[in-house]
Amino acid sequence: MKNVMIILFVLLFCLPASADQRGVSFEKDGVVYVISSEMIARRYDRVRDKWDIVNMGEVYVSGVTVTDSFVTIPPIVYCSSAYCRKDTTVVAEYRVLGIGEKAFAGARLKGLAIPRGLRFIGNEAFRDLEITDGVLVVPSVKKMKANIFDGMKSKVLLLGGFDYPVAEKTFDNKDALPDFYVLHEDRNLIVPELDKRMLYTIGVNIYTRWLENSWRTVITQVDNYKKSYKTSSLEEFSFLTILGSRERSPKITCRYKSYRRFEKDGTDIDMMPPCEFVCKNPYTNKKDTYDEFVMNETLFRCGKGKNYSYFTLDGKPIVNTEGLLDGSGRDPFGLQVRSKEEVKKKNEAKEREHNLNKKVDDLKKAFGF
Amino acid sequence: MMRIALAIIFTFVLSFRLMADDCTVGDVIEKDGISYKILVTYLVVDKKESPDAIEGPDKFYCSGEAMVIHVDKKLRDVVIPPTINRFKVVGLTDSLFYKHKHDRIWLPELQFMGSGCFAKLKVGSGALVVHNVANLGVGVFDGLDAELIFDITRKINLGKAFFKNHKDSAHVQCGPKGVVKIRTDMLRYIKPCWVYDECYSATSDNYKKWIRKAFNGDEAFMKNALNDRGYSLGMRSYSTTPSKAKDGLLIIASAENVKGLGFPWGNLTRDYYRQSKYTVVNKKKRRKVTCYRDFIPVVDATQRSGWYVRFLGKEGEERFSLNGKLLKK
């Protein structure tokens with residue numbers, strides 16, 4: 001029933017083609033992702049010796065739509081997005097941040113592969129999850145929320161990481177917890193909150209076999225995107241976009257809004273803090289902060305709340321925005337700036353004006369002016 | 001000449017060894033479907049009967065070490081006690097449980113386990129619990145059809161227990177079909193062996209769960225075996241005179257490996273792999289410690305106490321009165 005609900009949810013709101021907003025979901029390979037941020041960045045291609053404009057963002061896993069299957073959460077998921085610049089890349093690449101609240105609760109899967117470098121696993125993410133292959137491999141995660149493993153019957157293999165993860169009431173409900181396994185050498189490097197007496201340890205050969213069985217896909221992918229998951233810490237999250245090719249072109253920097261508060265409180269962990277874009281515009285000689293940023297071949301748009309500003313790629317503000325809108329009230333980026341009623345009224349007013357002018361012209365002709 | 005001959009006859013006729021269990025090396029004791037072979041014997045005394053000094057030659061008992069040489073295949077539960085008739089069970093012979101099928105097996109702490117001892121054994125409860133064992137033979141757990149739990153508290157010499165006795169290569173690994181389990185704190189003791197990379201470990205309640213499961217959760221079964229540990233083997237250290245006396249002999253009975261013959265297991269046709277050892281300390285001359293292979297209390301009416309002690313060592317036979325004075329032959 002739950003899966004049906006998830007599918008309906010996906011169908012109603014989360015079609016990949018329409019995934020162009022934060023908080024919007026999309027489904028890929030049986031996993032439902034929620035977009036937590038989107039941005040455009042420039043990336044240097046060493047092979048072609050050229051700067052590329054790439055569409056990228058971040059997502060977290062919010063659910064699963066399949067059963068009795070092997071589900072892989074990749075470190076990076078590709079999906080087409082209306083946010084993309086169609087002339088640069090067809091799809092946007094989203095880094096997977098974490099696993100959301102109750103994402104796999106009650107699911108029955110053959111196996112679940114979780115990549116390294118996730119930032120969080122939300123409340124009750126694996127509650128009553130059944131892995132028919134027998135082992136769930138959980139790599140080191142920065143934050144683990146409450147009751148993640150409650151009611152699980154499968155073994156859980158915890159992988160050691162470079163940093164101690166923070167667990168918040170994850171292992172409090174001891175009666176409902178499954179068996180936790182770690183590598184012999186890792187028994188002192190695992191989550192400090194986890195009582196060591198609860199742990200089983202295993203030799204490296206058993207460890208390798210389990211990983212090979214349930215993690216092969218992810219290991220391959222992680223190797224491919226080693227750079228991506230290595231630079232996944234919050235501190236490093238900052239993308240610089242330089243518009244145009246001249247020195248006096250505007251510089252756009254993307255960063256997390258209220259990053260420090262998020263780190264301290266740990267609230268809304270499933271929803272990462274929204275991004276903000278700092279625009280340093282040499283043309284106006286101003287440095288402004290915006291909530292949204294989007295660009296095309298000739299101009300870019302910055303938004304703050306419901307106010308949107310348009311600039312040419314040189315940074316010159318476009319004052320007459322009415323000229324940018326099409327007949328349906330959308331700007332070049334597809335944003336509905338004028339509502340349909342406003343457009344209708346405007347069209348009606350134009351038509352009335354047109355009719356009135358026509359009548360005036362007819363009268364002028366009739367009276368010989 | 002006549003006097004000497006008469007003295008020998010007198011001594012031979014009157015002297016006797018008074019032992020409660022009249023066992024000698026090589027004898028086989030059978031009890032509850034399990035056969036034990038006596039490896040070595042030595043004399044001990046009962047602490048209750050001789051709390052301070054030995055009161056007479058009849059206060060000695062035969063004690064020693066025994067090895068399990070046969071287990072009835074029909075037994076469902078096998079309990080190998082730590083002691084059998086004052087003899088300490090020190091080991092299991094080669095291939096003792098080879099291709100056997102038992103429901104549960106209780107083993108005491110042992111000195112040795114023979115080669116292929118548990119090879120192809122099937123344990124109904126699903127796990128075999130091995131306690132502290134000093135030495136292990138070759139391929140001891142080869143093809144064991146159960147999990148193997150090392151319930152150890154100190155370092156064990158795994159030797160070639162997890163390797164086959166292979167002529168071409170001495171490093172052909174062999175182990176149980178099930179997994180190997182051990183207490184987490186004891187992992188360091190098996191680290192040099194390849195089993196370390198193939199084993200599970202746990203502590204506290206999780207470890208107890210494994211042990212309970214190995215005995216089908218039957219607390220009584222575990223307690224029965226544990227109770228057997230309380231069986232008294234007798235005092236191996238005793239004195240011919242009261243402890244406050246300044247003269248006399250302090251005797252310490254023990255057993256040692258026979259040099260050159262190696263470990264007790266292996267070729268069972270050899271009769272003696274262990275031999276008794278009596279360390280004798282003269283109370284008057286504390287620094288003088290002598291070791292002998294055999295010890296016989298001899299009844300002699302000519303002595304004031306009515307008996308004396310005779311030791312057999314490398315240098316031949318020596319006789320002492322109870323106060324430690326060397327008697328002339």
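**View 1. A:Val135 and its bridge partner A:Lys155.** In this predicted model, A:Val135 has A:Lys155, in strand 13 of chain A, as its bridge partner. The two strands involved, strand 11 (residues 135-138) of chain A and strand 13 (residues 155-158) of chain A, run parallel and are joined by 4 bridges. Strands here are DSSP runs of E at least two residues long, and helices are runs of H or I with at least four, both numbered from the N terminus; two strands pair if DSSP finds at least two bridges between them. Strand 11 of chain A is covered on both faces: A:Val135 and A:Val137 are buried on one side, and A:Leu136 and A:Val138 are buried on the other. (Buried means that 20 or more other C-beta atoms, placed from the backbone, lie within 10 Å of the residue's own.) In a regular strand, side chains alternate between the two faces of the sheet.

As for the bookkeeping, residues are numbered from 1 along each chain as its sequence is written, and chains are lettered from A in the order in which they are written. Because the model is predicted, local features need pLDDT of at least 70 and side-chain atom pairs count only at pLDDT 80 or more, while totals for chains, interfaces and linings use all residues.

**View 2. Where chain A meets chain B.** Here 10 residues of chain A are in contact with 12 residues of chain B, contact meaning C-beta atoms, placed from the backbone, within 7 Å. On the chain A side, strand 16 (199-202) and helix 2 (204-224) are the elements that give two or more residues. That side is made up of 4 nonpolar, 4 polar and 2 charged residues (nonpolar: Ala, Val, Leu, Ile, Met, Phe, Trp, Tyr, Cys and Pro; charged: Asp, Glu, Lys and Arg; polar: the others, Gly among them). Zoom in on strand 16 of chain A and you'll find an antiparallel pairing with strand 14 (residues 199-202) of chain B, over 3 bridges. A:Thr201 sits opposite B:Ser201 there.

**View 3. An open sheet in chain B.** Four strands of chain B line up in the order 15-16-17-18, with antiparallel pairing. Strand 15 (237-239) and strand 18 (289-292) of chain B are at the edges with a single partner strand each, so one side of each has no neighbour in the sheet. Strand 15 of chain B is joined to strand 16 (residues 249-257) of chain B by 3 bridges, and B:Ser239 has B:Leu250 as its bridge partner.

Technical notes:
Contact = placed C-beta atoms within 7 Å. Buried ≥ 20, exposed ≤ 12 C-beta atoms within 10 Å, placed from the backbone.
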